[in-house]
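Hi,

Here is the structure I said I would pass on. Have a look at it first, and then read on for my notes.

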Amino acid sequence: MTRRGQSTPQRVPASNSEMPMTDHSWRPARAGLILLVVVAAALAVPAQSQVPGRPWKPDLVLPAPAHPFTFVGYGDTRFTDPADTKHSNAAVRQAEVARIAQEKPAFVVISGDLVLTGADPQDWKVFDAETAPLRQAGIELLPALGNHDVRGAEDRALDNYFQRFPRLEGRRWYSARAGNVLIFVLDSNLANGPGSQQLQWLEQGLEALPTDVDFVLVALHHPPLTHSYDKMLGGGHSERPQEEQLASLLEKRQQSMRARMIVMAGHVHNYERYRRNGVTYLVSGGGGATPYMVPRSRDDFYRDPGPTYHLCTFTVDGEELRFHMLKLSFKDARAKWAVRDSFVLRASMARQAGSGH
């Protein structure tokens with residue numbers, strides 16, 4: 001099955017094309033092959049909001065929450081066997097889920113790497129068990145695909161993923177609206193740079209941005225801006241060219257937008273915050289995956305050394321958005337939370353060009 005949002009249909013199985021053909025069989029086989037290609041192409045047609053010439057609308061519309069309302073962002077949970085302490089920390093995962101269930105936010109945006117291996121059904125069973133409190137509380141999850149979510153046999157991994165999120169209807173990238181907040185969730189495992197179908201879709205949505213949207217959140221897995229780097233001791237990831245190009249487009253767009261833009265990524269297992277050309281960049285990869293020791297500068301907004309397991313909370317009150325990063329620690333095996341970073345955005349605030357840390 002071809003996923004909506006993939007740029008090319010899946011290849012026809014080799015067994016169909018490698019069968020011996022006689023003078024009597026080649027025509028039906030060829031006709032069947034053509035039919036399969038036509039069906040696959042039809043399934044690959046973008047979602048309705050992506051079709052040129054039609055009015056733009058978000059793929060998902062969540063129930064309009066009463067103001068003020070809160071939503072949560074975080075990522076890199078890597079749900080897997082709790083006995084596997086090398087790749088993820090089950091105590092952290094469970095404490096974060098418990099906190100979210102207690103807070104009952106309007107929705108949760110997950111910046112990718114939900115599980116350790118997307119093709120492993122056992123990892124998804126752990127995901128099901130440990131996130132049960134969120135489903136019981138009726139909390140909507142808006143996930144982005146991380147590289148670990150498609151790890152293994154990709155078709156099997158995507159089947160596991162979309163079984164948990166049927167509302168996505170096979171979309172690997174999508175948009176969602178909740179009140180005056182519009183969320184664009186990208187799949188950075190696929191091309192999202194200039195000329196890509198995904199970027200064209202994003203540009204269409206930003207061009208058609210409703211006037212009553214005050215805040216735009218762009219969520220993806222690979223970060224456009226980080227102080228981490230590939231060969232960093234203990235692990236890390238550098239920015240990639242396609243996300244850097246994406247950031248340039250978003251910063252240019254922000255200059256003519258009334259709505260304030262936030263980009264939230266994961267992949268780097270820690271927390272970072274930066275501001276450049278009016279766009280706020282968050283790295284939220286503190287969901288349980290083994291931490292990376294991100295180098296800090298005295299000019300950074302956040303300077304705590306060491307691991308930072310955390311949740312990001314966004315409280316929207318009319319044209320004002322208040323942000324808090326809640327850092328998780330443990331004392332006598334009990335979860336402790338502390339606000340370690342915060343900021344406020346207003347939709348009508350003056351544009352601030354240049355960079356900030």
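Let's start with Ser284, which is buried, its relative accessible area being 0%. Bear in mind as you read that this is a predicted model. You'll find Ser284 in strand E10, which covers residues 279-284. If you skip the neighbours within four places in sequence, Ser284 is in contact with residues from several parts of the numbering, including Gly73, Tyr74, Gly75 and Asp76. Also among its contacts are Ser111, Met264, Asn270, His310 and Cys312.

Now for the chain as a whole. It has eight helices and 14 strands. Of its 357 residues, 52% are buried. If you take the contacts between residues at least 6 apart in sequence, 71% of them join residues at least 24 apart.

Next, the sheet. Six strands make up an open sheet with mixed pairing, and their order is E4-E3-E2-E11-E12-E13. Which strands sit at the edges? They are E4 (140-143) and E13 (334-346), each of which pairs on one side only. Going from one strand to the next, the twist averages 25 degrees. Helix H3 (residues 90-103) packs on this sheet and touches E2, E3 (107-110), E11, E12 (320-331) and E13. The direction of H3 makes about 140 degrees with that of E12.

Within the sheet, have a look at E2 (residues 69-74) and E11 (residues 310-317), which pair in the antiparallel sense over five bridges. Thr70 stands opposite Thr315 in E11.

There is another strand pair to look at, E6 and E7. E6 (residues 181-185) runs parallel to E7, and five bridges join the two. Phe184 has Val218 in E7 as its bridge partner. How many of the residues of E7 are buried? Five of five, so E7 counts as mostly covered. Phe215, Leu217 and Ala219 lie on one side of E7, with Val216 and Val218 on the other, and all of these are buried.

Is Asp214 buried or exposed? Asp214 counts as buried because its relative accessibility is 7%, and the cut-off for buried is under 20%. The side chains of Asp214 and Arg258 are joined by a polar contact of 2.6 Å. Asp214 also lies 6.4 Å from Arg260, C-alpha to C-alpha, although the two are 46 residues apart in sequence. Leaving out residues up to four places away in sequence, Asp214 touches Asn180, Arg258, Ala259, Arg260, Gly318, Glu319 and Ala347.

Last, a pair of helices. H7 packs with H8 (residues 241-254) at an angle of about 10 degrees, and their axes are 12 Å apart. Angles under 35 degrees count as roughly parallel, so that is how H7 and H8 lie to each other. On the H7 side, Leu199, Leu202, Glu203, Leu206 and Glu207 take part, and they meet Leu246, Leu249, Leu250 and Arg253 in H8. Sorted by class, this contact of H7 with H8 has six nonpolar, three charged and no polar residues.

Cheers

Notes
Residues numbered from 1 in each chain as written. Predicted model: local features only at pLDDT ≥ 70, side-chain atom pairs only at ≥ 80, totals over all residues. Heavy atoms only, no water. Pairing = 2+ DSSP bridges. Helix = DSSP H or I, 4+ residues; strand = E, 2+ residues; numbered from the N terminus. Axes fitted to C-alpha atoms, helices over the stretch in contact; angles between N-to-C directions. Contact = heavy atoms within 4.5 Å. Buried < 20%, exposed > 50% of the residue type's maximum accessible area, 1.4 Å probe, protein only. Polar contact = N/O pair within 3.5 Å; in protein donor to acceptor, adjacent residues only side chain to side chain. Parallel < 35°, antiparallel > 145°, perpendicular 65-115°, else oblique. Nonpolar A, V, L, I, M, F, W, Y, C, P; charged D, E, K, R; others polar.
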